[in-house]
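Let's take a walk through this protein chain, from its overall build down to single residues. Keep the picture open while you read.

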Amino acid sequence: ERLFQLASEKGYTVFLSGGRKRDSKGQEIKDDYDMAADVANIVMSKYPNLRIIGATSKFSREEYDDINTLKYIHSCMNMHNVSTIDIMLVAYNPIEQEKWINRNSKNIPVTLSVGIGRTFDYITSAMQPPSEVYVNMHLAWLYTFIKQPWRVRRIVKTFPIFPLKVYLKSIK
């Protein structure tokens with residue numbers, strides 16, 4: 001929210017990519033809904049000066065779709081007559097969004113690319129964000145697990161396996 005406010009105040013250009021509707025088991029719902037476009041409409045209603053030059057959930061995070069995604073991004077840039085995107089927000093799964101950014105950043109003139117995970121879910125109310133109690137106790141992951149139990153493998157990878165690996169590497 002604060003990033004959208006800053007971008008609006010400073011006149012930064014923003015591009016939104018990713019976001020998918022999921023059912024109660026975590027399976028992607030295949031329909032024409034474009035979550036990124038919905039997010040763009042929601043945040044532009046709050047920040048009328050926000051310069052969103054493109055927003056799409058139509059493309060996959062997979063490498064086979066990179067060319068189509070890049071063509072779309074560049075066409076949006078041309079349509080808005082911009083040579084550089086100031087902020088690109090990528091809402092794919094953690095790790096996958098970072099891989100996508102790493103793979104494609106050299107082909108997009110962008111100042112800042114950020115993987116934002118389920119943020120679009122929160123903005124569109126597809127999922128309610130964790131309460132401040134969970135956030136203050138650093139247990140947002142637990143809230144997510146309660147609401148979306150299919151994420152158990154990802155949560156187990158992230159906590160406790162990742163901190164344990166970091167710790168074990170640090171004592172070597």
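## How much is tucked away

In this predicted model, 35% of the chain's 172 residues are buried. Look at contacts between residues at least 6 apart in sequence, and you'll find that 63% of them join residues at least 24 apart.

## The overall build

The chain has 8 helices and 4 strands. Follow the sequence and you get the pattern α-β-α-β-α-β-α-β-α-α-α-α. The radius of gyration is 17 Å, close to the 16 Å that the globule rule gives for 172 residues, so the chain is as compact as a globular protein of that length.

Now for the strands: 4 of them form an open sheet in the order β2-β1-β3-β4, with parallel pairing. Strands β2 and β4 sit at the edges with a single partner strand each, so one side of each has no neighbour in the sheet. On average, neighbouring strands are turned by 15° against each other, direction ignored.

Let's zoom in on one pair. β1 and β2 run parallel and are joined by 5 bridges. Here F15 stands opposite G54, which belongs to β2. Helix α3 lies across β1, β2 and β3, and runs at about 155° to β2.

The largest nonpolar core holds 18 residues, and F4, V14, L16, L50, I52 and F120 have the most contacts inside it. Which elements give two or more residues to this core? They are α1 (2-10), β1 (13-18), α2 (35-46), β2 (51-56) and β3 (85-91). The largest share, 5 residues, comes from α2. Apart from this core lies another one of 14 residues, and F15, I73, V82 and I101 are among them.

Leaving out residues up to four places away in sequence, V14 touches F4, A7, L50, R51, I52, I53, G54, I85 and I87.

## One side of a helix

Which residues of helix α4 (residues 96-104) are buried? They are Q97, W100, I101 and N104. These residues cover an arc of only 95° around the axis, which puts them on the same side of α4. And what do the buried residues of α4 pack against? Their partners are α3 (66-79), β3 and β4 (110-115).

Definitions and conventions:
Residues numbered from 1 in each chain as written. Predicted model: local features only at pLDDT ≥ 70, side-chain atom pairs only at ≥ 80, totals over all residues. Heavy atoms only, no water. Core = buried A, V, L, I, M, F, W, Y, C linked by side-chain atoms within 4.5 Å. Buried < 20%, exposed > 50% of the residue type's maximum accessible area, 1.4 Å probe, protein only. Contact = heavy atoms within 4.5 Å. Arc of directions from axis to C-beta. Pairing = 2+ DSSP bridges. Axes fitted to C-alpha atoms, helices over the stretch in contact; angles between N-to-C directions. Rg over C-alpha atoms; globule rule 2.2 N^0.38 Å.
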